[in-house]
Amino acid sequence: MKIVVCVKQVPDTWAEKRLAPADSTVDRESVDGVINELDEYAIEEALRIKESAGGADSTVTVLTMGPEKATESIRKALSMGADAAVHLLDDALHGSDALQTSYALAQALGTLEWDLVVLGSESTDARMSVLPAMLAERLGVSQLTFARKVEVAGSNGSTTVRIERLTEAGYDVIEGSTPAVISVVEKINEPRYPSFKGIMAAKKKPLTTLTIADAGIESGGVGLAAASTAVTGFTEAPPRSAGTIVNDEGEGGRKLAEFLAAKKFV
Amino acid sequence: MPVERALPTEEAVALLELTRELAAGEVAPHAAAMEERGDFPREVFCTLGEAGLLGLPYAEEYGGGVQPYEVYLQVLEELAAAWLAVGLGVSVHTLACFPLAAYGSAQQRTRWLPEMLAGNLLGAYCLSEAGSGSDAAALRTRAVRQGEDYVVNGSKAWVTHGGEADFYNLMVRTSEDGPRGISTLLAPADTPGLTPQPPERKMGMRSSPTASIALDDARVPVGRRLGEEGQGFSIALAALDGGRLGIAACAVGVAQAALDAASAYARERRQFGHAIVEYQGISFLLADMATGIEAARALYLAAARRRDAGLEYAPQAAMAKLFATDTAMRVTTDAVQVFGGYGYTRDYPVERYMREAKVLQIVEGTNQVQRLVIGRSLTKP
């Protein structure tokens, strides 16, 4: 079983995020980058699928598209236990939107051998939650998204993948055959910590860097200028105003209920 | 705020990052509730073992992390800041691996060390007895050789992890020749006749069991003796030199945690219209706490670097243990003061830090014994 996990480096979830005034893209330089949280669940699930499939030819490869700095997140993924990594790194990719990113990743996946692609179901910066579906469509493979549970059955030739897709009402069972794209939600597992030995070993694992030319990506098909969406303007979020203090003189409960009703919370 | 550290290698930077992640995610969240109940956090030790944190200063061929003391001790400091029972537990486990790693035969090391360094087996170290604490060489637990076994009778006291450990380093008397009549045996917990007693009811560190170990005709194979017969006391003392540095690092961790809590509270707590940190009565207190911590950290690191460089470091280790634990006692006491009445309650962590700091002035050689070690080093010919 050959598995590719798409990993994105995002600005630290707890940091204040900004858009760069020059081109209205996310300012990735001024904040710490971290691995997108849901991608850690994707890595964990990929490692579990690999471990249960067994065999020396089962591998997990990390695929990242992003600036130089994204190498930190690649190392983290490798230290958790992934075997190799591919970094799609090219200035021409800057400012690509979801549609273009799915194109670029699909092209990069074309340079790799794989049965499954696993992703987190959304990133904490863009939060669009569309990339896994777009990617499956571009690749023309089974689309198994929002998985809270994954079962892989059979190992030779055609393999069946069955997932429980999280829905608002509960879950749906969806089945497809490999090759397939899976996206996972945080209910699926508990990501492992890297070990100290894993961190050391990660430094020696193969990391391939691809330019857009290496991946056969048309330069006119990616980047800010060619993006199909555009940020036309933005303003800073207004500073938080002082809260309302309710003194409880026997009326506290009623006042709280009125407040919640006024804000349409109840 | 995480402590900014000057670390010697990139590898060490990654290790400290991993340690902080584990401390914040797996150690600190359990501390208050488990201390209250007196539960031993075995799962936390398993997690740390899987991450490779239970054999850091040992050789790679046995699964160790090959880290210098300078780095290993800073890992301990971070763990102790999250929860002393865990930081001190890692220190004790690491100390308990030392006799085998340093004095065991190649065959003994190959057989037992990997499982110990991986943390599958948790260690304990038994030197003290009810009647011999500071005067450790006066120990009376006797091991008499019968064929291929030692038959051990007596009782060891103040054993950290007593009742939870998987192996015990027993310092036992094999002849009447004073300090030269002591030997070290590595006894598995399931040795018949080795019986941990109910844990002591302590003032703090309730999650770290401390118990006496009764030895009643306990048979330990001669093949489990570490080093030569009669070498036990020098093994015990060599282990303690490293162990004292571990206690110093733990003390700095507890003190740092207390300072962090106190300065955060002082910024938040308002009296007379100002945050109390704006009053010099408080900020000077915090300044002295911070200065003491920096000095204590520098002192244990200086001693660790001597050890890593192969220099004599026993007096420096004693100085670091003495200074760091006295500092921790003062800093945690002052942290309670900064919190005022709230600090005296169990709703805030500083009273726990204060109870924890006290034990560090006592264990692995009281601070009076440390002064004895330092004083002797000055009058050596």
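**Entry 1: helix pair in chain B**

I looked up which residues join the two helices and found that B:Leu18, B:Leu22, B:Glu26, B:Val27 and B:His30 of H1(B) meet B:Val44, B:Thr47, B:Leu48 and B:Ala51 of H2(B). By class, I note 6 nonpolar, 2 polar and 1 charged among the residues of this contact. I record that the model is predicted.

I then turned to the geometry. H1 spans residues 10-37 of chain B and H2 spans residues 42-51 of chain B. Their axes come within 11 Å and cross at roughly 170°. Angles over 145 degrees count as roughly antiparallel, and H1(B) and H2(B) are therefore roughly antiparallel to each other.

**Entry 2: interface of chains A and B**

I looked up the contact between the chains: 9 residues of chain A are in contact with 16 residues of chain B. The area buried between chain A and chain B is about 1000 Å², and carbon and sulfur atoms give 66% of that area. On the chain A side, I find that A:Tyr193, A:Phe196 and A:Lys197 supply 61% of the area buried against chain B, more than any other three residues.

**Entry 3: polar features of the interface**

I checked for salt bridges across the interface of chain A and chain B, and the rule finds 1. The side chains of B:Glu21 and A:Lys76 meet in a salt bridge at 3.5 Å, N to O. I also note 3 residue pairs in polar contact between chain A and chain B, counted with both residues at pLDDT 80 or more.

Helix H5 of chain A (residues 196-202) contributes 4 residues, the largest share of the side of chain A that touches chain B. I list that side by class as 5 nonpolar, 1 polar and 3 charged residues.

Terms used. Residues are numbered from 1 along each chain as its sequence is written. Chains are lettered from A and ligands numbered from 1 in the order in which they are written. This is a predicted model: local features need pLDDT of at least 70, side-chain atom pairs count only at pLDDT 80 or more; totals for chains, interfaces and linings use all residues. Side-chain values use heavy atoms; hydrogens and water are left out. Axes are lines fitted to C-alpha atoms, for helices over the stretch in contact, and angles run from 0 to 180 degrees between N-to-C directions. Angles under 35 degrees count as roughly parallel, over 145 as roughly antiparallel, 65 to 115 as roughly perpendicular and the rest as oblique. Contact means heavy atoms within 4.5 Å. Ala, Val, Leu, Ile, Met, Phe, Trp, Tyr, Cys and Pro count as nonpolar, Asp, Glu, Lys and Arg as charged, and the others, Gly among them, as polar. Buried area is the accessible area (1.4 Å probe) that two parts lose on being put together, summed over both. A salt bridge is a side-chain nitrogen of Lys or Arg within 4 Å of a carboxyl oxygen of Asp or Glu. A polar contact is a pair of N or O atoms within 3.5 Å; within protein, one must be able to donate a hydrogen and the other to accept it, and residues adjacent in sequence count only if both atoms are side-chain atoms.
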